[in-house]
Amino acid sequence: MALLDLKVNGQEAQVEAPDTALLLDVLRERLFLTGAKRGCETSHCGCCTVRVDGMAVHSCVVLAARCQGKEITTVEGCGDGMELDRLQRLFLEHGAVQCGYCGPGMLMAAKALLERNPQPTLDEVKKGLDGNLCRCTGYTPIFDAILAYSRGA
Amino acid sequence: MECKLIRPTDLDEALAAREEYTDGLPIAGGQSLLVMMRNRLISPGALIDLEPVEALRGIEVQSTGISIGAMNTCRQLIASPVLREEVGVLPSAARQVSSTAVRNLGTIGGNVCHNEPGADLPPVLLALNGRAVLRRRTHGREVPLEEFFTGYFETALEADEILCRIDIEHPNAAGVYLKHAISPEDLAIVGVAAVVVPDSERPGAVAEARIGIGGAAPVPLRASRTEAALKGAVLDEETARAAGELASTEVDTGSDPHASAGYRRKMVAVFVRRALLHAANQMMGNGHGAA
Amino acid sequence: MADDYRVIGTPVVRPDGAEMISGQAVYGPDVTQPGMLWGKILRSPLPHARIRSIDVEKARALPGVTVISAHDVPDRRYGYAIEDEQIFAVEKVRYAGEPVAAAAAPDEERALEALSLIDVEYEELPAVFTAAEGARDGAPLVHEELGPARSVYLASWNPVPGTNIIHQASHHRGDVDAALARADYVFEDTFHASQIHHCYMEPHATLASVRGSEVTVWTCSQEVFQLRTLLAGLFAIPESRMRVINTKVGGGFGGKIEPRLEPVAVALSMHSRKPVKMVMTRAEEFTAAAGSTPATVTVKTGVMKDGTLAARDIDFLWDTGAHAEGLPPSNRAMKDGNGPYRVHDLRISSTLVYTNKMRGTQLRGLGVPEGAFAIESQMDMIAERLGMDPLELRLKNILQEGDINSIDDVVQSIGLQECLESVAREIGWGEPKPPNVGRGLAVIAKSPTTHSSISAAYVQFNEDGSAQVLVGASEIGQGMTVVMCQIAAEVLGLPVEQVGISSADTATTPYDRGTFSSRVTFYTGMAVKIAAEDARNQLLDVASRMVEIPREDLAVAEERVVSPVHPELSLTFREVLERAHTSERPILGRGTYGGKGDYPTLPHKAQRKEYVPGWKYAAQAVEAEIDEETGIIRVRRIASAHDVGKSLNPTSVDGQIVGGVVMGLGYALHERLQFDNGRIVNPSFMDYKIPSSQEIPEIAPIAVEVPLPEGPFGAKGIGELAIVGIAPAIGNAIHQVLGVRLKELPLFPERVLEAVESQRKDHGG
Ligand SMILES: Cc1cc2nc3c(=O)[nH]c(=O)nc-3n(C[C@H](O)[C@H](O)[C@H](O)COP(=O)(O)OP(=O)(O)OC[C@H]3O[C@@H](n4cnc5c(N)ncnc54)[C@H](O)[C@@H]3O)c2cc1C
Ligand code: FES
Ligand code: FES
């Protein structure tokens with residue numbers, strides 16, 4: 001077991017976890033941040049996507065111990081209290097959330113993309129979401145929400 | 001039962017840990033390793049974290065070629081101005097590896113050591129005459145990648161070694177990597193890298209063409225007979241087609257849920273031809289450099 | 001129809017959207033209870049084997065671990081269609097993946113450790129892996145004896161005793177043989193639809209908690225009431241003591257209808273006296289949950305020279321795996337197998353066969369995709385032979401208003417021709433194109449769900465004048481909650497934000513058959529509409545007494561009671577509710593809908609069967625680019641037009657269409673479970689590919705509105721059809737470019753190439 005010092009959504013947290021605990025498990029089971037979802041646990045579905053130092057990563061294949069000293073951002077860090085942020089609102093307005101299970105991961109992947117590339121083309125949006133599967137929406141509404149964001153709509 | 005995490009601060013510590021923990025494994029990006037552990041295909045007693053090891057980083061241009069630290073992530077390969085300038089084919093292949101999240105963390109060293117059939121970097125590194133720079137606590141050695149890839153998910157890496165760098169040739173050449181997959185983020189059914197060196201005496205002819213093939217067979221390989229046949233050739237449609245046909249006989253293809261051996265063989269012919277023509281075009285366009 | 005609706009037909013954002021996109025919604029895997037254990041299942045590694053012995057003693061010796069197997073649970077069979085399953089395998093296992101034992105422990109690791117200590121001795125038995133093998137005389141039997149069938153699914157049950165044939169049915173009209181003999185041409189072709197997986201992103205997850213004599217089950221389910229009935233019966237407790245609470249459901253598509261983890265979780269909780277949580281791994285999902293029910297479809301069609309369809313004889317052979325959950329799709333093929341065509345002389349037969357594989361169950365489209373791939377592929381083959389344009393051939397034969405359909409219904413409220421013409425226009429049918437680009441069409445239909453399709457709703461006013469909807473149906477991502485809120489808001493004269501909704505909790509919401517087969521918009525929607533009207537009338541009664549104006553002269557608008565007769569009247573809902581709550585009675589509207597009694601009977605059908613409203617129709621068109629050398633198909637554009645009756649929420653409707661189309665794309669191009677001797681060899685998203693963001697073509701969703709008088713505000717619902725026509729449309733596009741006809745799904749590159757090569761051989765000699 002190890003004591004880990006993590007900074008999640010701007011807040012310091014100390015958790016005890018096995019040496020090689022995965023970030024996803026620590027977030028969900030120890031910090032009760034269940035916004036990152038378990039979909040496959042093998043780095044294919046992206047439901048567990050969070051950002052570490054701004055980069056989108058699949059938290060099911062990241063060692064929590066390695067995230068010490070880094071900024072971890074999860075969906076719970078988006079928006080302000082009961083207020084959604086602009087990208088979250090656009091996701092809803094465009095119907096980018098059906099069952100919603102992929103939503104938090106999609107949102108984090110989209111944020112990483114938009115930060116890297118504020119004016120992505122449609123193809124760049126598709127590439128930016130290449131680690132996130134969605135079975136409900138057919139992706140198009142998600143693309144639309146991201147493009148609307150970059151247009152300032 | 002619990003797996004330990006060892007965090008060495010430099011290469012010596014890492015190598016010492018590697019020697020000490022005989023049931024341990026180095027962890028690079030963890031993208032494949034942690035999946036294997038989750039699927040209970042392996043259960044190492046310790047993970048030796050290579051992230052803090054400075055000696056495994058950096059991309060250096062040397063007189064003979066370029067030396068790439070094993071811990072460079074695909075993301076870093078893509079972003080590297082040096083690579084883009086000198087060997088564009090490598091970042092272009094790195095861009096085709098899996099998904100954004102995997103590219104953000106997965107490393108060139110991990111990609112090579114994992115040696116998964118269908119991985120994108122091995123064929124390119126083969127075609128760039130890549131060499132694996134290995135170290136164990138007491139000494140080091142260098143192995144050409146053709147000898148490093150020994151079998152299905154197997155390499156020449158010894159249990160106490162760490163892959164430190166991959167050295168590639170500074171090619172005065174054009175290079176292309178073509179990936180055939182159902183969707184771009186999948187492992188390649190067939191991935192072909194072609195690097196062609198122009199013949200400075202005879203415009204339009206190639207002094208040398210090097211072909212790396214991944215996905216098609218259990219082990220990535222160089223199509224050496226095809227390469228021999230192409231020495232000095234002018235790469236037109238006809239030659240490229242013949243080269244493709246020849247290459248497809250050099251590959252011991254296998255079947256899996258994605259494709260049969262027969263289909264893979266045909267695709268080797270198609271993609272070797274296409275890659276060679278692409279590379280030839282590039283060569284005519286801008287002499288050297290790469291796409 | 002000019003609508004003057006305020007809320008209906010507008011793109012209202014879903015009320016549960018914010019909790020989902022902020023990561024706060026509680027899905028199955030997110031539920032926790034203090035002191036809970038984690039449960040894991042030991043599954044059979046063999047497809048068919050006698051269990052010689054099970055030794056759980058070593059596992060039980062682990063501290064804090066509960067281990068159970070068949071001896072520890074009720075010796076009862078269960079199943080929604082046919083009772084052919086037990087919690088754990090008894091005497092023998094029938095597929096690789098079948099539960100044999102289970103363990104609960106404080107964490108997953110420990111539960112897995114316990115499972116690894118269980119010794120099971122098997123004696124392998126000969127097995128059957130295809131429906132054709134299974135149906136053969138003398139084939140090894142998957143089930144030696146059958147449990148009773150449930151009338152809910154079947155008017156009549158027709159197994160062939162002593163075989164693996166679990167059900168055989170046929171639907172017959174006219175004289176098919178004579179009509180085929182008279183036809184100018186007869187086409188006979190056999191098609192194979194593969195088994196695909198639902199691939200909802202959320203795995204099955206259940207938490208069961210037994211406290212005293214009360215059992216509570218949190219689970220992600222499409223049908224909580226059916227599940228409650230089943231669990232209560234299985235454990236022999238009254239339904240009043242068995243509470244099933246739906247969590248947020250991360251996608252269902254038919255895969256979360258029948259029980260999976262729930263019986264095991266309840267049994268583990270009963271034995272451990274602790275809450276037990278279970279979550280499937282993705283590999284378990286692929287190997288032990290369920291897939292679609294694949295079919296081999298043989299179609300014989302008689303055609304006249306002018307293109308008129310003269311007769312059709314369709315034979316379905318379904319592979320249901322080890323349990324008969326394939327019954328609903330196999331039965332539905334009777335009604336839907338012929339597609340939306342006018343064919344008088346018709347025979348459809350369907351045979352459902354057990355095999356030693358993971359079960360097939362319902363999957364979005366419910367038996368329609370398998371038939372449509374056959375029918376719509378053959379329509380193009382017919383067009384080619386007659387030298388007719390495939391569009392023209394379809395226009396000539398599709399159902400029109402007033403026609404009699406396959407099951408003798410009079411066709412009503414059909415917008416199919418408009419759907420077909422609009423997708424043809426959208427895709428540029430008949431316009432010039434490069435030689436490597438093909439275009440293909442398909443038309444499709446799905447009958448409404450009728451068997452015991454019942455729904456109920458309450459609509460209650462709160463004291464501040466806002467309202468609460470209670471329904472028993474499940475929100476599985478289809479946008480049910482927003483549509484129900486819209487319906488209530490429209491009727492009640494409230495802004496939609498003033499309507500709240502609770503759903504799918506057997507202890508607090510009224511009965512509903514559940515979310516499947518695109519039925520919720522229609523049935524639950526009608527129940528909500530009726531309940532809202534009831535609530536509104538009760539509200540007006542109170543108001544009428546308050547202001548002494550007859551109720552008939554009162555109406556609701558903008559959270560107020562108004563009167564066209566007394567324009568000066570303005571009474572807020574809050575005022576009325578204060579009165580109701582202090583000196584009258586609370587306002588609780590009640591609505592029920594469904595059951596045969598409620599179907600309106602049309603006069604001219606009085607002597608025939610009753611008219612069943614709500615057939616859904618659609619047309620789809622694709623444009624695809626084909627690489628002849630590699631067999632790779634790049635779909636560039638898809639148009640999908642749906643006869644939705646009335647679009648209650650355009651965002652929801654477009655979302656259902658686009659989402660269905662993309663699932664159809666996977667079904668067409670690369671999805672299939674692959675087996676080796678009954679074992680699934682591609683149980684991960686690496687080896688079983690669903691469409692990713694990078695494969696998405698341009699998609700044009702089109703809603704054609706021909707209102708259905710019986711539906712809520714004219715709506716029919718959409719749900720499933722969008723998945724159906726993509727595969728045949730792509731097959732037709734491939735044929736247009738390469739001249740080859742692929743009769744087996746999926747249409748993956750290797751198959752395309754093989755077809756091209758075998759054609760070359762045939763032609764080149
Ligand atoms: C979902 C998914 C899709 C993928 N798709 C592709 C794809 O399309 N194309 C592609 O090329 N690859 C693909 N990969 C593989 C991906 O690129 C790998 O994760 C990567 O190659 C491994 O790199 P890593 O740094 O994560 O290595 P790790 O997972 O950390 O390590 C992999 C193995 O290499 C060993 N190792 C790593 N570094 C060293 C070193 N320096 N010295 C000695 N041993 C070492 C480890 O001990 C381990 O055995 C995919 C992986 C996943 C999970
Ligand atoms: S759960 Fe991490 S990628 Fe699927
Ligand atoms: S909305 Fe259900 S998986 Fe994306």
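How much area is buried between chain B and chain A, and what share of it do carbon and sulfur atoms give?

## Basis of the model

This is a predicted model, in which local features need pLDDT of at least 70, side-chain atom pairs count only at pLDDT 80 or more, and totals for chains, interfaces and linings use all residues. Residues are numbered from 1 along each chain as its sequence is written, chains are lettered from A and ligands numbered from 1 in the order in which they are written, and side-chain values use heavy atoms, with hydrogens and water left out.

The model scores are ipTM 0.97 and pTM 0.96. For chain C, the average pLDDT (the predictor's confidence in each residue, from 0 to 100) is 92, and 95% of the residues score at least 70. Residues 597–608 of chain C stay under 50; for this segment the model has 22 contacts (heavy atoms within 4.5 Å) beyond four places in sequence. Where pLDDT is low, the predicted coordinates should not be read in detail.

## Interface of chain B and chain A

The buried area (the accessible area, with a 1.4 Å probe, that two parts lose on being put together, summed over both) is about 2200 Å² between chain B and chain A. Carbon and sulfur atoms give 53% of this area. Of the area that chain B buries against chain A, 24% is supplied by B:L5, B:L34 and B:R38, more than by any other three residues. The contact involves 30 residues from chain B and 24 residues from chain A.

Six salt bridges (a side-chain nitrogen of Lys or Arg within 4 Å of a carboxyl oxygen of Asp or Glu) are found across this interface. A salt bridge joins the side chains of A:K70 and B:E51, at 2.9 Å from N to O. On the side of chain B that touches chain A, at least two residues each come from β1 (4–6), α2 (33–38), β3 (46–49) and α6 (100–105); helices (H or I, at least four residues) and strands (E, at least two) are DSSP runs, numbered from the N terminus. The largest share, six residues, comes from α6(B).

## Ligand 1

Ligand 1 lies between chains A and B. It is surrounded by 32 residues, counted as near if one of their heavy atoms lies within 4 Å. The closest are B:P26, B:G29, B:G30, B:T107 and B:D120.

Backbone atoms of chain B approach the ligand at several positions. An oxygen atom of ligand 1 is 2.7 Å from a polar backbone atom of B:G29, and an oxygen atom of the ligand is 3.1 Å from a polar backbone atom of B:S98. At B:L163, a backbone N or O atom lies 2.9 Å from a nitrogen atom of ligand 1.

## Interface of chain C and chain A

Chain C places 46 residues in contact with 40 residues of chain A. The area buried between these chains is about 3500 Å², of which carbon and sulfur atoms give 60%. In chain C, the residues that lose the most area to chain A are C:I21, C:M201 and C:S693, together 21% of what that side buries.

The count between chain C and chain A is four salt bridges. The side chains of C:D30 and A:R28 form a salt bridge at 2.7 Å from N to O. On the side of chain C that touches chain A, α1 (17–21) and α16 (650–669) each supply at least two residues, and α16(C) gives the most, with seven residues.

Key:
A polar contact is a pair of N or O atoms within 3.5 Å; within protein, one must be able to donate a hydrogen and the other to accept it, and residues adjacent in sequence count only if both atoms are side-chain atoms.
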